[in-house]
Amino acid sequence: MSVYDHSRDFSGLPLNTRQFPFPMSLSLPGLGWSPHFQSQLSVDEFDTLTPARISQVHRNAVEVITTTGPHRIHLSAEFLQIGVAIGDWVLLSPMLDEITRLLDRKTLLQRRSAAENASAQLIAANVDTLLIVSSCNADYNPARLERYLALAHQADIEPILVLTKVDTCDDPDAFIAGARLDLPNVQVVAIDATTAAGISLLVGFCGAGKTLALLGSSGVGKSTITNALTDAALETQGIRDDDAKGRHTTTARSMHAIKTGGWLIDTPGMRALRLLDVGEGVDMVFQDVADLVPLCKFNDCAHETEPGCAVQKAIKDGTLDPKRLARWLKLSAEDAHNSRDLAQAHANARSTEKKVGGGRAKGKAKRGN
Ligand SMILES: Nc1nc2c(ncn2[C@@H]2O[C@H](COP(=O)(O)OP(=O)(O)O)[C@@H](O)[C@H]2O)c(=O)[nH]1
Ligand SMILES: [Mg+2]
Ligand SMILES: [Zn+2]
């Protein structure tokens, strides 16, 4: 029996929607399955194992969704060490009681963890579109949005800038035009998230099998958007859900079915986003600046006072906003710093493992961590 037969066998069954608040016709493609994942299965796996998508990650267990419904699966030491993320595809054993394999991800959102060891922290896997949310008021901060954009570009995820609270803005057109100048190369959607008309402008980014994630500061409307697009009933006005004092009122990330098809992952607590290895993503956000760099006279130009600097020339000519250059320099430096720390942490871990014994280090390298 193939995995596709498997989904067909069950898709017509009436489901208890109280226990199973997911769309009635759950197919693998509807869950986000695609040839990218299908091609990773051997014939044997295809016949005996069940693909499942992780919809919530707990300390020692995950919630998954298969075409037959949700399951809770204990995480073995192996998968605790590998690390799984919300949105991941895994294969379940024939008894549906354990994970046998983590499938290669299409995309992965990660950040530098707050811990001292500079490790990477997984945010979400297999996201297609990142809705970067900001309001049209004091929250609007291009430097912060550029960090989110760099993260999306680096992960090969389509970013959409969603400007909420247009209804509270004195001159929305001027505000939106300003945002487009600050953040070129990104699609901007400006909405009042509290109205059906506003939400309808987001529906075009959803669709069967597509996975969206929301990123943005507290209070910008993420829960409002999630509740409107899905059957979730998240608390809104949770302005303390990710502040520095750690008063988390929002629960763990979860994956919600979008009423018009697709999935939405909410990512609370993402305000202090620390970048990790996003150099290429940063250059994509600042493509206009990055394109100037090869034109500088010196290879190691710092774009400050060097003669023949194409970047400084663009500022003199008025074609580059000096504030934009300052943000690019700051973000590039931060990414380089974090990435160096991570490389150092890995090197330290390797030398410790060598002292303890080579076996573990070898196993780790094989899995590509
Ligand atoms: N006027 C207006 N209020 C909004 C809009 N979007 C969200 N809100 C309100 O802003 C507050 C915070 O929204 P919430 O969804 O909790 O933000 P979150 O912290 O990002 O999840 C709530 O009172 C929402 O009703 C909008 O587009 N216009
Ligand atoms: Mg919220
Ligand atoms: Zn230069």
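How many residues does helix α6 have, and how far does it reach from its first C-alpha to its last? Helix α6 has 13 residues and reaches 18 Å, close to the 18 Å expected at 1.5 Å a residue; the expected span is 1.5 Å times one less than the number of residues. The legends below begin with the whole chain and return to this helix later.

This is a predicted model, in which local features need pLDDT of at least 70 and side-chain atom pairs count only at pLDDT 80 or more, while totals for chains, interfaces and linings use all residues. Residues are numbered from 1 along each chain as its sequence is written, and chains are lettered from A and ligands numbered from 1 in the order in which they are written.

**View 1. The whole chain.** Welcome to the overview: the chain holds 14 helices and 13 strands. Helices (H or I, at least four residues) and strands (E, at least two) are DSSP runs, numbered from the N terminus. Of the 369 residues, 35% count as buried; a residue is buried if 20 or more other C-beta atoms lie within 10 Å of its own, exposed if 12 or fewer, and partly exposed in between, with C-beta atoms placed from the backbone. Among contacts between residues at least 6 apart in sequence, 63% join residues at least 24 apart. Two residues are in contact if their C-beta atoms, placed from the backbone, lie within 7 Å.

**View 2. The five-stranded sheet.** Here five strands make an open sheet in the order β3-β2-β1-β4-β5, with antiparallel pairing. Two strands pair if DSSP finds at least two bridges between them. At the edges stand β3 (69–74) and β5 (99–102), each with a single partner strand, so one side of each is left without a neighbour in the sheet. On average, neighbouring strands of this sheet are turned by 40 degrees against each other, direction ignored.

**View 3. Two hairpins in a row.** Start at strand β1 (residues 50–57), which is joined to β2 by four bridges and runs antiparallel to it. A hairpin of three residues leads from β1 to β2, and V57 stands opposite V62 in β2. Next, β2 (residues 61–66) pairs with β3 over six bridges, again in the antiparallel sense. The hairpin from β2 to β3 passes through two residues. Across this second pairing, V62 stands opposite I73 in β3, and V64 faces H71 in β3.

**View 4. The six-stranded sheet.** Another open sheet has six strands, ordered β10-β9-β8-β11-β13-β12, and its pairing is mixed. Its edges are β10 (187–190) and β12, each with a single partner strand, so one side of each lacks a neighbour in the sheet. Neighbouring strands here are turned by 25 degrees against each other on average, direction ignored. β8 and β11 pair in the parallel sense over four bridges, and T129 stands opposite L212 in β11.

**View 5. Helix α6 across the strands.** Now back to the opening helix: α6 (residues 142–154) lies across β8, β9 (158–164) and β11, running at about 180 degrees to β8. Axes are lines fitted to C-alpha atoms, for helices over the stretch in contact, and angles run from 0 to 180 degrees between N-to-C directions. Ten of the 13 residues of α6 are buried, so the helix is largely enclosed by the rest of the structure. Among these buried residues are L145, E146, R147 and Y148. Just after α6, D156 takes a positive phi of about 65 degrees.

**View 6. Helix α9 and its ligand.** Which helix gives the most to the shell around ligand 1? Helix α9 (residues 222–229) does, with three residues. In total, 19 residues surround ligand 1, the closest being G221, K222, S223, T224 and T236; a residue is near a molecule if its C-beta atom, placed from the backbone, lies within 6 Å of it. The shell divides into two nonpolar, twelve polar and five charged residues; Ala, Val, Leu, Ile, Met, Phe, Trp, Tyr, Cys and Pro count as nonpolar, Asp, Glu, Lys and Arg as charged, and the others, Gly among them, as polar. Six of the eight residues of α9 are buried, so it is largely enclosed by the rest of the structure. Its buried residues pack against β8 (129–135), α8, β11 (211–215), β12 (254–257) and β13 (263–266).

**View 7. A glycine in helix α8.** G198 sits in helix α8 (residues 196–203) and is buried, with 22 other C-beta atoms within 10 Å. Not counting residues up to four places away in sequence, G198 touches I191, D192 and A193. G198 and I225 are 27 residues apart in sequence and 9.5 Å apart in space, C-alpha to C-alpha.
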